[in-house]
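The sequence and the model are shown below.

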Number of protein chains: 2
Amino acid sequence: MTEPLRLGIAGLGTVGVGVVRILRQKAALITERTGREIAISAVSARSRGKDRGVSIADYAWEDDPVALATRDDVDVFVELMGGEDGPAKAATEAALAAGKDVVTANKALLAHHGQPLAEVAEAAGAVLRFEAAVAGGIPVIKALTEGLAGNDITRVMGVMNGTCNYILTRMEDAGLTYDEAFAEADGLGYLEADPNLDVGGIDAGHKLALLAAIAYGTRVAFDAVELQGIGSVTIEDIRAAADMGYKIKLLGVCQMTGRGLEQRMTPCLVPAASPLGQLTGGTNMVVIEGDHVGQIVLRGAGAGEGPTASAVLSDIVDIARGTRLPTFGKPAAALTQATPAKSVAPAPFYVRLALHDKPGALAKVATALGEAGVSIDRMRQYGHEDPVAPVLIVTHKAAPDALEKALSAMAALDVVDGMPVALRIETV
Amino acid sequence: MTEPLRLGIAGLGTVGVGVVRILRQKAALITERTGREIAISAVSARSRGKDRGVSIADYAWEDDPVALATRDDVDVFVELMGGEDGPAKAATEAALAAGKDVVTANKALLAHHGQPLAEVAEAAGAVLRFEAAVAGGIPVIKALTEGLAGNDITRVMGVMNGTCNYILTRMEDAGLTYDEAFAEADGLGYLEADPNLDVGGIDAGHKLALLAAIAYGTRVAFDAVELQGIGSVTIEDIRAAADMGYKIKLLGVCQMTGRGLEQRMTPCLVPAASPLGQLTGGTNMVVIEGDHVGQIVLRGAGAGEGPTASAVLSDIVDIARGTRLPTFGKPAAALTQATPAKSVAPAPFYVRLALHDKPGALAKVATALGEAGVSIDRMRQYGHEDPVAPVLIVTHKAAPDALEKALSAMAALDVVDGMPVALRIETV
């Protein structure tokens with residue numbers, strides 16, 4: 001048997017404790033699977049004395065994660081602190097520069113600094129793995145980088161923020177308003193310290209940017225992700241969507257087109273009967289489409305101690321087994337800079353507007369749509385008590401440009417109250 | 001750049017041609033992903049001259065797959081001939097013994113000879129990979145062996161024979177009888193030359209046995225799989241199941257219990273609203289449950305040129321990248337011989353019987369169930385014209401032994417016509 005693989009773990013929150021726990025519970029099983037003992041040399045966290053339900057007395061302690069990352073008795077630096085800059089970045093860079101492999105769950109770090117970190121890793125002959133950064137326990141990075149490596153990827157879609165999906169599911173199932181569902185999620189501890197990371201779509205956008213880089217061999221381009229959170233989704237939208245056979249999801253989509261790389265993380269309607277439509281609560285789902293494999297759907301817990309620690313372990317096990325791949329599935333120098341592209345492919349859209357209930361009002365709306373080249377598939381005007389009637393429209397496939405034009409034209413009408421809301425209907 | 005990785009491909013049917021096609025189409029992409037050119041040195045098939053829609057003129061030809069497998073210019077032997085013995089086995093053994101890596105899509109070969117082949121591979125320092133053998137394009141072997149390597153697997157379930165699922169779906173959607181749906185599948189070329197491999201559950205049983213070996217670190221034990229095909233499922237069963245909120249699937253389940261390894265591939269009822277219940281047509285689904293990761297669901301095309309070739313390519317790409325794992329995720333010598341166990345865990349069951357419509361008949365049935373310790377959750381007697389009435393029962397959770405006793409007791413009743421049919425209701 002070869003020498004033990006020695007870990008330095010920085011960050012002993014939920015996930016870090018989960019990793020320590022699994023390594024202690026399953027030492028024999030993991031050694032049998034890898035042919036190598038996996039040992040923890042040292043750990044680092046904010047507070048040494050805190051009771052974490054698992055003993056860290058056997059491990060050396062470092063106050064400074066950078067010192068931990070570069071210890072002689074550490075082969076693999078396991079970064080579970082989080083944060084796109086600060087200590088996580090400094091320690092990851094220091095570890096890689098010292099030729100140590102790094103396993104991280106930090107999507108923000110990689111979404112912002114993935115390219116330079118991949119370059120540092122390669123220059124030093126180290127590997128940088130991040131299965132836990134995307135979709136929790138679902139082995140989606142592995143599926144995309146390895147399992148589907150014989151395919152040109154045609155589209156990747158996903159519901160990758162469990163908190164948003166929880167809020168949307170509660171609005172739908174329990175008839176809560178957005179604010180009520182948000183408060184409930186907050187009370188359950190589901191929200192990040194900065195809730196906008198969740199409900200603003202940023203966290204999910206980080207994950208999408210990482211998947212796009214692997215799928216298309218491009219440099220991570222989080223800044224190019226079209227982001228829209230779920231804060232503007234109303235209970236009326238959810239009910240109207242359900243009424244027409246759809247669910248509303250914060251859906252990430254990336255695809256390479258002739259004009260460049262499309263990346264969007266926005267609330268979309270998906271057919272209620274589709275796998276994405278049937279996803280409830282905090283569960284994540286990633287749909288990968290390849291030219292040969294067709295459509296692959298992966299579903300599982302997107303967060304939590306066990307699932308995330310499971311993903312961290314899979315990266316550690318790969319390293320122990322000697323598997324060494326480039327960070328994004330290709331050498332860093334071969335990753336291309338994609339041109340960001342807005343979606344121009346026609347899609348059906350859901351449109352909600354508030355209409356002053358006057359004779360000829362609906363005709364004006366229909367005319368505005370028609371003049372912009374947008375045709376109506378279904379339209380419903382709901383019963384109402386106040387003078388403003390909710391009107392819902394599902395369009396036939398329309399070019400996004402044409403839809404924008406129609407929305408502006410409708411907003412300018414004296415019979416329309418405020419700005420109409422439009423959500424894309426995604427074909428899945 | 002290192003030397004090209006040189007393949008010898010035996011078998012140029014649908015999958016073999018797919019592999020050749022992808023390698024020709026995507027040479028540059030694959031080289032970029034692996035850092036290594038992948039070249040085909042030589043091929044072998046039944047007929048050299050056949051038009052396959054792809055040229056094989058660039059490759060050396062061997063009539064004998066064993067000769068192909070051991071050529072000096074072959075690093076990886078790609079076995080796509082099929083068959084549990086004969087040339088596939090001889091050539092695979094010869095390749096491994098010569099220290100060459102092997103990639104195969106042959107579930108029958110591995111289900112019957114997995115252990116000795118893994119031993120030969122290990123002794124020679126070769127790897128034996130078989131992603132394409134289970135669930136087509138879904139990277140399920142990789143997910144189980146690598147992605148979930150930090151878990152103790154608690155259960156693996158799957159719908160893994162697309163032909164059976166197609167037949168069951170057509171019975172349900174189009175109201176066809178089993179014989180009609182079978183004939184339709186046959187006309188579409190969906191059935192193996194020996195249809196019993198499909199509808200008898202053997203092909204799916206092979207796949208389950210391979211997943212069980214990886215999940216539990218045990219020697220492949222196909223002979224211990226409890227097999228029951230779909231031939232006895234009637235349109236009445238399908239309708240009655242639907243009426244009570246279930247679908248019927250040929251479902252594989254394996255789990256390790258205190259008494260040993262349970263492996264069964266039998267028609268089961270699953271909730272219509274569950275991911276397994278919603279699976280239609282030829283699509284496959286594998287559900288993996290781990291102690292830390294929770295439930296992971298993988299779904300995709302289970303057969304066909306593109307998906308299967310995609311899986312073969314993923315194994316080839318792994319080898320080109322230098323990934324080298326033991327065949328079943330552990331050294332062959334560490335795989336244990338599991339005690340085969342029949343399921344004793346209580347489950348709800350669906351029971352269908354033909355009842356002579358006489359006063360007190362139903363009471364006799366209920367008594368027989370009660371005396372065996374089986375309690376009734378729901379019972380329906382359907383309207384009928386002949387003197388024998390169809391009666392459907394959903395039991396509360398019952399021990400399989402108790403159910404067997406109840407079935408025998410009911411069959412012995414003068415008011416029951418023939419043997420009652422029982423199908424397990426699987427909790428998913």
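In this predicted model, the axes of helix α6 (residues 140-147) of chain B and helix α10 (residues 202-216) of chain B cross at roughly 15° and come within 9 Å. The two helices, α6(B) and α10(B), are therefore roughly parallel to each other, a term for angles under 35 degrees. Their crossing is left-handed, meaning that the near helix is turned anticlockwise from the far one by less than a right angle. In α6(B), the residues B:Val140, B:Ile141, B:Leu144 and B:Thr145 meet B:Leu211, B:Ile214 and B:Ala215 of α10(B); contact here means heavy atoms within 4.5 Å. By class, the residues of this contact of α6(B) with α10(B) are six nonpolar, one polar and no charged. Ala, Val, Leu, Ile, Met, Phe, Trp, Tyr, Cys and Pro count as nonpolar, Asp, Glu, Lys and Arg as charged, and the others, Gly among them, as polar.

Helices are DSSP runs (H or I, at least four residues), and strands are runs of E of at least two, numbered from the N terminus. Axes are lines fitted to C-alpha atoms, for helices over the stretch in contact, and angles run from 0 to 180 degrees between N-to-C directions.

| Helix pair | Angle | Axis distance |
|---|---|---|
| α6(B) and α10(B) | roughly 15° | within 9 Å |
| α4(A) and α5(A) | about 15° | 9 Å |

Helix α4 covers residues 86-97 of chain A, and helix α5 covers residues 107-124 of chain A. The angle makes α4(A) roughly parallel to α5(A).

UniProt, in an unreviewed entry, places a "binding site" at A:Glu192. A:Glu192 lies in the loop between α8 (178-187) and α9 (196-199) of chain A. The residue A:Glu192 is partly exposed, with a relative accessible area of 37%; partly exposed lies between buried (under 20%) and exposed (over 50%), with a 1.4 Å probe and protein chains only. Not counting residues up to four places away in sequence, A:Glu192 touches A:Leu197, A:Asp198 and A:Asp203.

Residues are numbered from 1 along each chain as its sequence is written, and chains are lettered from A. Local features need pLDDT of at least 70, and side-chain atom pairs count only at pLDDT 80 or more, while side-chain values use heavy atoms, with hydrogens and water left out.

Methods
UniProt positions are given in the numbering used here, feature names are shortened, and annotations may be inferred rather than shown by experiment. Angles under 35 degrees count as roughly parallel, over 145 as roughly antiparallel, 65 to 115 as roughly perpendicular and the rest as oblique.
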